[in-house]
Amino acid sequence: MAPIDPHSFTDSTHPLASHISLSLFFDFSSSTIHASALFTLPSPHSGPLSLDARGLTVHSVLDPLSSSPLPFSISSPPHPIKGCHLTLTLSHNSSFLVVFTTSPTSSALQWLSPPQTFNKALPFVYTQCHAIHARSVFPCQDTPAARVCYSARLNVPRQLSAVMSARHVDRRDPIAGEGAALACGDGAWCAEGRVVEEFVMEQPIPPYLFAFAVGELGFREVGPRTRVYAEAVPAVLEAAAKEFASAEDMIMQGEALFGPYEWERFDLLVLPPSFPYAGMENPRMTFLTPTVLEGDSSGAQLVAHELAHSWTGNLITNKTNEHFWLNEGFTTYAERRIVEAVQGEDRAALSIGIGWRGLNKEMERFKDNLEFTKLKTNQEGVDPDDVYSKVPYEKGFQFLWRIERQVGRPAFDEFTKKYIATFKFNSIDTETFLEFLKANLPGIEKEIDLTLWTEGTGIPPDAYEPVSSIYTKILSMANEFKLGRMPREDEVADWGGMEWELYLENLPKSIEASQILDLNACYNLSDTKDYEVKVAFLLLAIASECKDHYAEVEKTLKAVGRKKFLVRLYTALVEGTGKEEEKILAKRVFAEARETYHPIAQGVVETILSKNI
Ligand code: BES
Ligand code: ZN
């Protein structure tokens, strides 16, 4: 027994599956999926084989050739982080079939009842598998080291349609034996019967990139390789088509910088507001929060980020979450290069500035847990959702930017292209990256302390705060506010969301409630549709106990389920003021809103509240 990943039961002595064929029957009445998974191994295997599972009821494991049962056992109780260890016993099998049902509380899945959707008529379900939640949808070797191809047949009510992180190949009637005879039980809206949607993913992907969404979906074409999907509401689809019109331009910039786009299509899916992230880079079908359509200024940056993962992340993946910076640091660097090419140097510099301030704040957050200020982290016994932070993004970005400054852009661009071409469709660790770096940029280890950067805590002395006139101006205005100077209208006339976000995040938490009221009287920040700005403002309101804005805090916590906002606002309420009133508010709002959050967000907020109440 030799685990290859602290977050998985996958064993180094067992073969890794090369293909999984999934049949999924969606039962909306019970929020479960009745399913089977047919695994193919590269060669016949005898003896134990370990899989990850969470909350799955495994009915049987069969030899698909003879239909005879194969022995299996499932560990109990589940490990608090990894879930269950499903052990099969094979005897010279090169394939096996697992028949199982998911749990209504599957950590990857959010089941929305019709009233929770935009159209209020039909239900919706979607996945969020990153980092270790694929195992709650189907048993698998749930480590990014185990890349696998898949095909899937989704049996869904006929009024719904499905999208996946895979190529759509067919929408057809169910055939005998595909669950058509199973009672639907979903009420009047499913009287029209069922349909099967078929998909294939022919490129090997880490399990965390497995994804689907099923609902009343519509789409608009926005480019030769891009459609935007969303709930079939014309206004939403129009807004999405407008917001993402520049997708093709970005793909072309990405190709110029990083090499061919290998995934054929770059479609986008706009999710319901409870989606726990701003974006998720599911291959061929990026998932996005709908708040970008309402006035977030960060839409282009977000799409650039998820697109950049098509090279740095989806083509080259971190071997385990301990090397997560390889995914997110590289992607943050690539994102800023795309933003610079499409929107200009000023935008990119502002984004680097916001990132720099964010990185410094994370150092404060982790001051008693310095392990998570490192790039390469030890995650034994650690839930990746609990330590998710800006460090892998921004310290990783700073590291790569440092190398770029050392060798110059042309040499670094050449290095990056070669790195991607060399390791594409592989999962690698920090050591592999460093070896490749030293081999291709000879002498780099004499110029930059690579060990300090990758294994040291804190921010290395040769990290770099960006200089740009707008960034410096905003920081000095924030300093002047501390002395009582309100920003003048002419100074902020051309500010977008990023400028306000940077400004607000640099105001001291110790400002007075009256100053918050004055600022809002001038600029109506509590009402903005840009949630990055709104949340930054509400955090100041909470810190200064400006109770006039607590209704807006509650409204925000009930409107948007993005984990980053929930974590910041709930933490501010229960830790920030140290008073009972805010804690009671947090508890009540969570009790009322809990059901509307994705299970991942529910879990993280529960951890925050249980630590503090
Ligand atoms: N893959 C991440 C989101 C993620 C990371 C989900 C780890 C689960 C575990 C995605 O690419 C991402 O970084 N999203 C950011 C957006 C961004 C512009 C930095 C987000 O959602 O905040
Ligand atoms: Zn990312």
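## Asn 479 and the end of helix H12

In this predicted model, where local features need pLDDT of at least 70, side-chain atom pairs count only at pLDDT 80 or more, and totals for chains, interfaces and linings use all residues, Asn 479 has its place in helix H12, which covers residues 469-482; helices (H or I, at least four residues) and strands (E, at least two) are DSSP runs, numbered from the N terminus. Residues are numbered from 1 along each chain as its sequence is written, chains are lettered from A and ligands numbered from 1 in the order in which they are written, and side-chain values use heavy atoms, with hydrogens and water left out.

Asn 479 counts as partly exposed because its relative accessibility is 41%, where buried means under 20% relative accessible area, exposed over 50%, and partly exposed in between, with a 1.4 Å probe and protein chains only. Asn 479 and Pro 508 are 29 residues apart in sequence, and their C-alpha atoms are 8.6 Å apart in space. Gly 484, in the loop between H12 and helix H13 (489-492), is exposed, because its relative accessible area is 54%. From the C-alpha of Gly 484 to that of Tyr 531, 47 residues apart along the chain, the separation is 26 Å.

## Asp 462 and its partners

Asp 462 is placed in the loop between helix H11 (450-455) and H12, and with 24% relative accessibility it counts as partly exposed. Setting aside residues up to four places away in sequence, Asp 462 touches Arg 402, Arg 405, Ile 448 and Trp 453, where contact means heavy atoms within 4.5 Å.

Two of these partners also make polar contacts with Asp 462: the side chain of Arg 402 at 2.8 Å, and the side chain of Trp 453 at 3.2 Å. A polar contact is a pair of N or O atoms within 3.5 Å; within protein, one must be able to donate a hydrogen and the other to accept it, and residues adjacent in sequence count only if both atoms are side-chain atoms.

## The zinc ion

Which residues coordinate the zinc ion (ligand 2)? The donors are His 305 (NE2), His 309 (NE2) and two entries for Glu 328 (OE), at 2.0 to 2.7 Å; donors are N, O and S atoms within 2.8 Å of the metal (3.2 Å for Na, K and Ca), and water is not among the atoms, so sites may look incomplete. Along the sequence, the donor residues follow the spacing H-x3-H-x18-E. Both histidines are buried, His 305 at 8% relative accessibility and His 309 with a relative accessible area of 0%.

Taken alone, ligand 1 exposes 530 Å², and the protein buries 93% of that; accessible areas come from the Shrake-Rupley method with a 1.4 Å probe, and for residues only the protein chains shown count as cover.

## Backbone features

Most residues other than glycine have a negative phi, and most peptide bonds are trans. The bond joining Ser 76 and Pro 77 is cis, with omega about -5 degrees, and Pro 77 is in the loop between strand S4 (72-74) and S5. The peptide bond from His 130 to Ala 131 is also cis, with omega near 10 degrees.

A positive phi, near 70 degrees, is found at Arg 284, which is in the loop between S16 and strand S17 (285-288) and is buried, with a relative accessible area of 9%. Phe 425, also not a glycine, has a positive phi of about 65 degrees; Phe 425 is in the loop between helix H8 (409-423) and strand S19 (426-428), and at 21% relative accessibility it counts as partly exposed.
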